[in-house]
Amino acid sequence: MKIDKLHFGSWYSNCYVVTSGQGFGKRHAAVVDPAMPCDAILSHLQDLGANVDAIILTHGHFDHIYYLDELKEKTGACVYIHKDDAEMLADGEKNAYSFFFGGEFQTKPADVLVSCGDEIKIGDQSLRVISVPGHSKGSICLLGEGFIITGDTLFSDGFGRYDLHGGDPKALSNSLSKLKSYDKSLMIYPGHGESTTLGCALENIYF
């Protein structure tokens, strides 16, 4: 699998395009956390010659789902989110938009609700869902060959906040401990900031 990071906007949220397959027009892709304008994502996919199989949300906060509806409309791809964060898509209080800006922000419901251990197919390869509650109730990581997309659970220099809807410091501590059982050489791709190895990121945790 190949991972490209797309970055745009004042929230400093990362959007990832994960592709599998070889040959222009024969590649399959997943868009993880559509946090940047849809046209930019589609342009990148066109450059790759990739068809979108899935739109995957690592959690339900507004800064990771802001362009979800437009991307869904233009690609027809299925939207995946953990079952415990599904309610956040339709509620500006729960997805934290109201907390920061006031008013309401919501998206349409997801197509597929996932749980820990589920596999999301991207062409002939797949991403495995790891449940990591704490930043939100339904936060997930996505495990692929040699990498892990960590959303807002783990950054290169720390971890996500736990004072918004569904946040739980004890659950987050347990989730970070859970990640210690994975190969420390895995590259992490976080929801904000730069990539590093899982081992280096875990060394920067002072809970």
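**The aromatic cluster and its surroundings**

Modeller: Phe100 counts as partly exposed because its relative accessibility is 43%, where buried means under 20% relative accessible area, exposed means over 50% and partly exposed lies in between, with a 1.4 Å probe and protein chains only. The model is a predicted one, in which local features need pLDDT of at least 70 and side-chain atom pairs count only at pLDDT 80 or more, while totals for chains, interfaces and linings use all residues. Residues are numbered from 1 along each chain as its sequence is written, and side-chain values use heavy atoms, with hydrogens and water left out.

Phe99 belongs to helix α4, residues 97-101; helices (H or I, at least four residues) and strands (E, at least two) are DSSP runs numbered from the N terminus. Together Phe99, Phe100 and Phe101 make a nonpolar surface patch with about 340 Å² of accessible area. A patch of this kind takes residues with over 30% relative accessible area and no salt bridge, joining nonpolar side chains (Val, Leu, Ile, Met, Phe, Trp, Tyr) within 5 Å and like charges within 9 Å. The areas come from the Shrake-Rupley method with a 1.4 Å probe, and for residues only the protein chains shown count as cover; a salt bridge is a side-chain nitrogen of Lys or Arg within 4 Å of a carboxyl oxygen of Asp or Glu.

These three residues are also part of a cluster that ring pairs build from Phe62, Tyr66, Tyr67, Tyr97, Phe99, Phe100, Phe101 and Phe105. Rings of Phe, Tyr and Trp (its six-membered ring) pair if their centres lie within 6.5 Å, and planes under 30 degrees apart count as stacked, over 60 as edge-to-face and the rest as tilted. Over the whole structure, the search returns eleven aromatic pairs. One of them joins Tyr97 to Phe105 in a tilted arrangement, with 5.5 Å from centre to centre and 35° between the planes. Tyr97 is buried at 17% relative accessibility, as is Phe105 at 12%. Phe100 and Phe101 form another tilted pair, at 6.4 Å centre to centre and 45° between the planes.

Ala96 sits in the loop between β5 (78-82) and α4. The phi of Ala96 is positive, about 80°, although the residue is not a glycine, and at 4% relative accessibility Ala96 counts as buried. Asp33, a residue other than glycine, likewise has a positive phi, near 60°; its place is the loop between β3 and α1 (38-48), and Asp33 is buried at 2% relative accessibility.

Turning to the strands, β2 (residues 14-20) is largely enclosed by the rest of the structure, because seven of its seven residues are buried. Both faces of β2 are covered, with Asn14, Tyr16, Val18 and Ser20 buried on one side and Cys15, Val17 and Thr19 on the other. Strand β2 pairs antiparallel with β1 (residues 2-7) over six bridges, two strands being paired if DSSP finds at least two bridges between them. His7 has Asn14 as its bridge partner in β2. On β3 (residues 27-32), the antiparallel pairing with β2 runs over five bridges, and there Val17 stands opposite Val31.

Cys116 is partly exposed at 43% relative accessibility, whereas Cys141 is buried at 0%.
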